[in-house]
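Dear colleague,

I am passing on the structure below, and after it you will find my notes on what turned up when I went through it. Please read them alongside the coordinates.

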Amino acid sequence: MKLQLNIQPLNTWLNINNEPLIISGPCSAETEEQLLTTAHLLAATGKVSVLRAGIWKPRTRPGEFEGIGSIGLEWLKRAKAETGLPTAVEVANAKHVEEALAAGVDILWIGARSTVNPFTVQEIADALKGVDIPVLVKNPVNPDLQLWIGALERINNAGITKLGAIHRGFSSFEKSSFRNEPMWELAIQLKTLCPELPIINDPSHICGNRELIPYISQKALDLDMQGLMIESHVDPSVAWTDAKQQVTPAALAELADRLTVREPESKNEAFTDQLAELRKQIDKIDDLLLQKLGERMAIVGKIGEFKRDNQVTILQVNRWDAIIKKGASFAKALKLDLNFTEKFLELVHGESIRKQTEIMNAGKVVEKGIAAESHTEAVK
C-alpha cells in the first residue's frame with residue numbers, strides 16, 4: 001500500500017546549484033566568527049546549496065553544551081546575507097519554530113529524538129499550520145518505520161507540502177563501525193512506499209567519524225537518495241560537539257568532487273532492453289525461490305505434526321547449529337555474503353518455528369474454546 005503524501009518535487013522548492021544536493025555547516029553554531037568563517041569557506045567551494053547549523057542541541061545528559069540558543073539565529077541571518085546560502089536549523093518544539101521563522105530561516109528539520117515522540121511532532125506541526133516552509137524529518141532513533149511515516153504525515157497534514165526525509169541511521173545495541181546503523185532497508189521501504197518523497201542522507205550521524213563519510217555518501221547516492229547533509233567545521237579538532245564526524249570545508253569539496261552521480265534511468269534503448277531481459281531472468285528465479293519456500297514450509301508443517309504427536313520440542317539447537325555451519329560453507333562456495341546468508345537462514349528458521357508452534361498449539365486452542373463454551377453453559 002502506497003503512502004499518500006501531498007508534496008512538491010524537490011527541485012520546485014530548492015535551488016540545487018550542483019549535483020548532488022549538499023546541505024552543510026557546523027554541528028553547532030559556537031561563536032559568530034566560527035559560523036561566519038565556516039559559511040564563507042563552504043560557499044567558496046561552490047558545492048554547497050544550503051547552510052545548516054545546530055542552534056538548540058538536545059543532549060543526552062544535563063550540563064553538556066546544549067546549543068548557543070536564539071542568538072545563533074542572528075548569526076545565521078548574517079551568514080545568509082553575506083554568502084547567499086539559504087539556511088536550515090533543527091527545531092524541537094513550537095517555540096523553536098516561532099523563533100526560526102521570525103529570524104527568516106529557510107528550511108527546518110525535525111531531529112531523530114523528536115521524531116520518536118508523536119506529541120513533540122504534533123506540537124511542531126501545529127506551530128507550522130498556515131506556514132509555507134520546507135521541512136525535513138529525520139528518522140527516529142529506533143528502527144521504527146511507522147514512527148517515521150507518522151511524523152511525515154503529521155507535518156504534511158499541517159499543510160506542509162515542501163517535505164522531505166533525512167536518513168541518519170538507527171541506534172543499535174550491537175557494536176559496529178558506525179555510530180548509527182544505516183539499516184538501508186528501512187530507507188528503501190520508505191522510498192518504495194512514497195517514491196516522490198525526497199530522501200537526504202546524513203552520513204555524519206551514521207558514521208560518527210569522518211573517515212567513513214565518503215563511503216556512506218556514495219552508497220546513499222547509488223541508492224537514489226536526493227542529497228547529503230554533511231557536518232563541516234572550520235576546525236573540527238576544536239569543535240564543541242561531535243568533533244570526530246565533522247570535516248573541514250576543503251575536505252568537503254574534495255569529497256564532493258570524488259562522488260559519482262548516477263541517473264535512476266537511462267535513455268539508451270540497448271541498455272533498457274538488456275536490463276529488461278536480465279530482470280525477467282531474476283523474476284523467474286524469484287518465482288522459483290518462493291515456490292521452493294512454499295514446498296519447504298509444507299514439509300515443516302509435517303515435521304510440526306510429527307513432533308506434536310511424539311511429544312518432541314520444536315527447537316533442537318544441534319540441528320540449528322548444523323544448518324548455520326552448512327549454510328556458511330555453501331555460501332562461501334557460492335560467493336554469497338556470509339551475513340546475508342545467516343540473516344536469510346534466520347528468517348526462514350523463524351518462520352519454521354512460528355509454523356510449528358501454530359501446529360503444536362492448535363489443539364490447545366480448540367480445547368480452550370470448548371472449555372469456555374462449557375463454562376458458559378454451566379453459568380446459564
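The crossing of α6 and α7 is right-handed, a crossing being right-handed if the near helix is turned clockwise from the far one by less than a right angle, and left-handed if anticlockwise. Helices here are DSSP runs of H or I with at least four residues and strands are runs of E with at least two, numbered from the N terminus. The model is a predicted one, in which local features need pLDDT of at least 70 and side-chain atom pairs count only at pLDDT 80 or more, while totals for chains, interfaces and linings use all residues. Residues are numbered from 1 along each chain as its sequence is written, and side-chain values use heavy atoms, with hydrogens and water left out.

To stay with that pair, the axes of α6 (residues 118-128) and α7 come within 9 Å and cross at roughly 20°, where axes are lines fitted to C-alpha atoms, for helices over the stretch in contact, and angles run from 0 to 180 degrees between N-to-C directions. The two helices are therefore roughly parallel to each other, since angles under 35 degrees count as roughly parallel, over 145 as roughly antiparallel, 65 to 115 as roughly perpendicular and the rest as oblique. Pro118, Val121, Gln122, Ile124, Ala125 and Leu128 of α6 meet Leu147, Ala151, Arg154 and Ile155 of α7, contact meaning heavy atoms within 4.5 Å. By class this contact has eight nonpolar, one polar and one charged residues, with Ala, Val, Leu, Ile, Met, Phe, Trp, Tyr, Cys and Pro counted as nonpolar, Asp, Glu, Lys and Arg as charged, and the others, Gly among them, as polar.

Helix α7 (residues 145-157) also packs against α8 (residues 184-193), at an angle of about 45° and with the axes 10 Å apart, which makes α7 oblique to α8. This crossing, too, is right-handed. Leu145, Trp148, Ile149 and Leu152 of α7 make the contact with Leu186, Ala187, Gln189, Leu190 and Leu193 of α8, and these residues divide into eight nonpolar, one polar and no charged.

Elsewhere, the axes of α2 (residues 32-45) and α11 (residues 249-258) come within 9 Å and cross at roughly 25°, so that α2 is roughly parallel to α11. Their crossing is right-handed, and Thr38, Leu41, Leu42 and Thr45 of α2 meet Pro249, Leu252 and Ala253 of α11, a contact of five nonpolar, two polar and no charged residues.

As for the strands, eight of them form a closed barrel in the order β1-β2-β3-β4-β5-β6-β7-β8, with parallel pairing, two strands being paired if DSSP finds at least two bridges between them. Neighbouring strands of this sheet are turned by 30° against each other on average, direction ignored. Strands β6 (residues 163-167) and β7 (residues 199-201) run parallel and are joined by three bridges, and His167 stands opposite Asn201 in β7. Helix α10 (residues 213-222) lies across β7 and β8 (227-231), running at about 160° to β8.

Finally, an unreviewed UniProt entry carries the annotation "domain: Chorismate mutase" over residues 269-360; UniProt positions are given in the numbering used here, feature names are shortened, and annotations may be inferred rather than shown by experiment. Over residues 269-360 the chain is 88% helix and 0% strand, and the end C-alpha atoms are 55 Å apart.
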